[in-house]
Amino acid sequence: MHGTRYATDSPGKKMLSEQVYGHLRRAIMRGEFAPGAALKPQDLAKRMDVSLAVVREALVRVVGDGLADRLPNRGFAVPAFTDRRWQEIAEARRTIEPMLLRMSIERGDLDWETRVRAAHHRLARTPAYVPGEGEYYSEAWSEAHRLFHRALIEGCGNPVLLETFDRLWTASELARRWSARRTPDRDGADEHRRLEEAALARDADTAAETLSRHLSLTAAGLKP
C-alpha cells in the first residue's frame, strides 16, 4: 500500500468505506502487512486520503473477517502467524474434511467424478503467481484451489456440512498463504494430484490420509 488515494467526491461514504475495506482486505491477504503488524487508523487514513471514520469502519469489517484483531487500548493489528486460532482451525479441518471426503467417495456419482477431474485440471493449469508481482498469489489460482478442495467433498450431499467447510476455508485462507510463503519447497501440486488420484480411484483410506497430511503440512508451516 503506497500512496493509494480515493477521491473525496466519491458517490457516498458507504461506497468509500467499501473501497477502503476491499483495499485493506486485499493488502492483508497479499502479505503487504506482516503477521502481527499494527494497523494504525491515523496512518491508513492519511495514506488513503480518507477520513478516520471511514478507515475505522473498514477495519471493523476486516476484524469480522478474521483478518485483523481489535486490541484493547492498542488499536488494530494483523494476527500473528503463531496465533493459536490457526492451529485450532487446522484441527477442525483435519477432523471434518477427511470425513466428508470419505462420504463423497461413498456417495459421489459420475457427475461428482467429472467435477473433481475438471477442478483439478483447472488448478493444475492456473499460474499460482501474478506475473511481475513476486510471491503474491493470483486470485485466479486461489479460487481454483478453493474449488478443487470443495469439489472433492461435494459428493457428500450434505449442504450443512458443506457450509461448515466454506466457513473454515474462509477463516484459514490467510494462514494458508503465510504457510506457503514459509515453506517454498513444498510440492503442493503433487499433493493435489495424489488427492485427485485417490478420490477418483475410490480409495477412501488413502484419500482421507492424503488430505489429512495435506492439511497438517499447512498447519506445520505456521509453527515457530
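Visitor: At what angle do helix α4 and helix α6 pack, and are they parallel, perpendicular or oblique to each other?
Guide: In this predicted model, helix α4 (residues 84–107) and helix α6 (residues 139–154) have axes 7 Å apart and pack at an angle of about 55°. Angles under 35 degrees count as roughly parallel and those from 65 to 115 as roughly perpendicular, so that α4 and α6 are oblique to each other.

Visitor: Which residues of α6 are met by α4?
Guide: The residues of this contact divide into 4 nonpolar, 2 polar and 2 charged. From α4 come Glu97, Leu100, Leu101 and Ser104, and these meet, in α6, His149, Leu152, Ile153 and Glu154.

Visitor: Which element gives the most to the lining of the largest pocket?
Guide: The largest pocket has a volume of about 660 Å³, and of the 33 residues that line it, the closest to its centre are Tyr137, Trp141, Arg176, Gly188 and His192. Two or more lining residues are given by each of α4, α5 (110–125), α6, α7 (159–182), α8 (188–200) and α9 (204–220). With 7 residues, the element that gives the most is α7.

Visitor: How many residues in the lining of the second largest pocket are charged?
Guide: This pocket, with a volume of about 310 Å³, is lined by 13 residues, of which Arg25, Met29, Trp169, Glu173 and Arg177 are the closest to its centre. The elements that give two or more residues to its lining are α1 (13–29), α6 and α7, and the largest share, 6 residues, comes from α7. Divided by type, the lining has 3 nonpolar residues and 2 polar ones, while the number of charged residues is 8.

Notes:
Residues are numbered from 1 along each chain as its sequence is written. This is a predicted model: local features need pLDDT of at least 70, side-chain atom pairs count only at pLDDT 80 or more; totals for chains, interfaces and linings use all residues. Side-chain values use heavy atoms; hydrogens and water are left out. Axes are lines fitted to C-alpha atoms, for helices over the stretch in contact, and angles run from 0 to 180 degrees between N-to-C directions. Helices (H or I, at least four residues) and strands (E, at least two) are DSSP runs, numbered from the N terminus. Angles under 35 degrees count as roughly parallel, over 145 as roughly antiparallel, 65 to 115 as roughly perpendicular and the rest as oblique. Contact means heavy atoms within 4.5 Å. Ala, Val, Leu, Ile, Met, Phe, Trp, Tyr, Cys and Pro count as nonpolar, Asp, Glu, Lys and Arg as charged, and the others, Gly among them, as polar. On a 1 Å grid over the protein atoms alone, a cavity is a set of points where a 1.4 Å probe fits but cannot get out, and a pocket is an open set with protein on both sides within 12 Å along at least five of seven lines; lining residues have an atom within 4 Å of a point. Grid points are joined across faces, edges and corners, and a volume is the space filled by probe spheres set on the points.
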